[in-house]
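Open the model in a viewer and keep a selection panel at hand. The stops below go from one selection to the next, with a note on what is found at each.

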Amino acid sequence: MKVTTTSLPLEKIECEALVIPLFEEEVKTVPETVKSFLAKCNFTINPAEFSGKLYETFLISSNPRVLLIGTGKKEDFDNRLARNVAGAAIRRLEKSKIKSVAFDSRIYSQPEVIIEGAGIGEFDQGIYKTGKDKPSKIEELIICGKLSLEEIKKSQAVLESTNWIRSLVTEPANHLTPKIMVENARRIAREFKLEIEVIDEKEAKRRGMNAFAGISQGSHQPSFMLVLKYIVDKKKPIFGVVGKGITFDSGGISIKPSEKMHEMKLDMAGAATAIAFIKLCAQLKLKENIIVVAPLTENLPGGGALKPGDVVRSLAGKTIEVINTDAEGRVVLCDALTLVQKLGATKIVDLATLTGAVIVALGSEATALLGNKQDFADLVIKSGAESGERMWQLPIYPEHKEMLKSDVADLANVAPSRGAGVIAGAVFLQEFIDPKNSWVHLDIAGTAWLDSEKPYMSKGATGVGVRTLLKLIEQI
């Protein structure tokens with residue numbers, strides 16, 4: 001999608017369609033610039049036909065065509081809704097086979113989010129469809145307002161990274177194995193001059209990563225612990241990102257119900273986000289040190305698979321009783337978290353589609369956040385709010401640690417009861433964090449995937465997390 005800007009009056013812009021966002025409060029008292037433009041289109045807004053409610057649209061058959069889109073109440077309009085409105089407008093116009101769109105940024109404090117929203121909105125998850133029913137793509141987006149070339153390039157890079165995550169998560173598990181994810185990472189490392197280390201199963205076991213290696217025992221696919229480094233100044237601290245990379249999760253011996261198991265290809269969304277993030281930082285030439293660690297494996301039943309009750313020893317030396325093999329994410333992540341700290345990271349964020357419990361608690365509307373230091377947690381929440389990705393913090397109380405007591409090992413991977421499932425996952429991971437370091441866990445199981453289409457986004461993968469991480473690294 002080509003992106004340009006213009007300062008021309010609305011009536012002089014050459015395009016096939018012009019998008020005009022309006023608040024509910026503006027429908028009866030239309031701003032003068034919009035009112036005069038609509039008058040030249042021989043159109044007057046009828047509140048009975050268009051009320052300005054969020055994502056409501058009304059297409060005017062003029063030349064160019066004009067799409068009015070509701071932005072809801074002015075007091076509620078933030079960066080999240082601003083991006084979503086742009087996506088909703090583009091998705092509506094795609095149905096009309098329109099190729100060039102101008103977007104009035106009058107109400108936007110950050111017009112660059114129009115670029116991200118538009119590109120996210122037109123993403124199509126039908127990557128293996130062979131028919132001719134695919135929606136058309138917008139070829140040119142014209143932002144009506146002030147936007148620098150640098151802001152455009154940055155937003156395009158963020159958009160590209162977001163949709164790259166979505167394309168990876170959309171891939172079926174037979175097309176995206178741990179080995180293929182490593183190949184993707186190698187290409188990125190070459191292109192952006194990142195340091196890369198790929199630790200195979202044999203080497204992982206030799207180094208003591210038996211928790212990670214244990215989960216892969218039921219799969220015929222080789223597994224890898226992936227390390228990517230972007231080091232610009234060895235005197236500066238290192239920011240670590242760990243992403244869960246289960247390319248398919250059947251639950252192992254504790255097998256999942258068959259309903260919706262096909263969606264478990266999404267269980268590598270955390271790893272995809274971590275890889276996309278370090279690529280984006282290198283692309284933007286940021287001046288911070290970053291290390292990404294991603295455990296890449298499948299979790300399948302088989303003759304060699306871990307059994308409920310088996311005990312594995314982690315890289316940190318702690319022993320883990322695997323009560324439930326479907327709680328595998330935390331078992332691979334604990335070795336990754338230990339490794340990223342051994343490599344020097346002192347501020348760490350992990351992203352993982354970790355629990356079904358988070359979907360029960362928050363649905364797809366917010367990511368659960370838990371951490372060990374409130375100042376760092378607050379910064380991540382702030383970064384999420386500024387980037388349009390909502391976070392909801394849950395507590396970790398000292399009493400929660402009692403949930404993971406084991407009779408035979410240092411800790412169990414799940415609690416015997418079903419309560420506090422999201423917290424139990426974070427409590428387990430916190431056991432592998434040096435108290436001196438700052439750590440936040442993001443459970444993205446609800447936000448990494450949409451079960452149904454939204455006005456602004458197709459169903460399926462969302463690419464959540466990369467925008468928050470970028471905003472965070474810019475503020476650390």
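**Stop 1: a charge over a ring**

Select Lys318 and Phe432 and show their side chains. The charged end of Lys318 sits over the ring of Phe432, at 5.6 Å from the ring centre. Keep in mind here and below that this is a predicted model.

**Stop 2: the largest pocket**

Next, select Lys256, Asp326, Thr355, Gly356 and Ala357. Of the 42 residues that line the largest pocket, these five lie nearest its centre. The volume of this pocket is about 1,200 Å³.

To see which elements contribute, colour the helices α9 (329-342), α10 (357-362) and α12 (421-430), then the strand β19 (449-450); each supplies at least two residues of the pocket lining. Colouring the lining by class gives 16 nonpolar, 13 polar and 13 charged residues.

**Stop 3: the cavities**

How many cavities of 30 Å³ or more does the structure hold? There are three.

Two helices, α2 (79-94) and α3 (112-121), each give at least two residues to the lining. Which element gives the most to it? That is α2, with four residues. The lining of the largest cavity divides by class into six nonpolar, eight polar and seven charged residues.

Move on to the second largest cavity, which holds about 40 Å³ of space. Select Gly214, Ile215, Gln217, Gly218, Gly252, Asn299, Leu300, Ala305, Leu306 and Thr325 to show its lining. By class, four of the lining residues of the second largest cavity are nonpolar, six are polar and none is charged.

**Stop 4: aromatic rings**

Now show the rings of Phe, Tyr and Trp. A search of the whole structure finds seven aromatic pairs. One of them joins Phe23 and Phe77, with 5.4 Å from centre to centre and 85° between the planes, an edge-to-face arrangement. Phe23 is in the loop between β2 (17-22) and α1 (32-40), whereas Phe77 is in the loop between β4 (65-70) and α2, so this pair ties together parts 54 residues apart in sequence. Phe23 and Phe77 are both buried.

Tyr108 is buried, as is Phe77.

**Stop 5: cysteines**

Show the cysteine sulfur atoms. The number of disulfides found in a search of the whole structure is zero. For Cys15, which is in no disulfide, the nearest cysteine sulfur is that of Cys144, 7.2 Å away.

Is Cys15 buried or exposed? Its relative accessible area is 15%, so Cys15 is buried. Select Cys281 as well: this residue is also buried, with a relative accessible area of 0%.

**Stop 6: two single residues**

Select Phe277, which lies in helix α8 (residues 269-283). Phe277 counts as buried because its relative accessibility is 0%. Draw a distance from Phe277 to Lys73: the two are 33 Å apart in space, C-alpha to C-alpha, and 204 residues apart in sequence.

Finish at Gly344, in the loop between α9 and β14 (345-352). With a relative accessibility of 32%, Gly344 counts as partly exposed. A C-alpha to C-alpha distance drawn from Gly344 to Phe239 gives 8.6 Å, for a separation of 105 residues in sequence.

How values were computed
Residues are numbered from 1 along each chain as its sequence is written. This is a predicted model: local features need pLDDT of at least 70, side-chain atom pairs count only at pLDDT 80 or more; totals for chains, interfaces and linings use all residues. Side-chain values use heavy atoms; hydrogens and water are left out. On a 1 Å grid over the protein atoms alone, a cavity is a set of points where a 1.4 Å probe fits but cannot get out, and a pocket is an open set with protein on both sides within 12 Å along at least five of seven lines; lining residues have an atom within 4 Å of a point. Grid points are joined across faces, edges and corners, and a volume is the space filled by probe spheres set on the points. Ala, Val, Leu, Ile, Met, Phe, Trp, Tyr, Cys and Pro count as nonpolar, Asp, Glu, Lys and Arg as charged, and the others, Gly among them, as polar. A disulfide is a pair of cysteine sulfur atoms within 2.5 Å. Buried means under 20% relative accessible area, exposed over 50%, partly exposed in between (1.4 Å probe, protein chains only). Rings of Phe, Tyr and Trp (its six-membered ring) pair if their centres lie within 6.5 Å; planes under 30 degrees apart count as stacked, over 60 as edge-to-face and the rest as tilted. A charge sits over a ring if NZ of Lys or CZ of Arg is within 6 Å of the ring centre and within 35 degrees of the ring normal.
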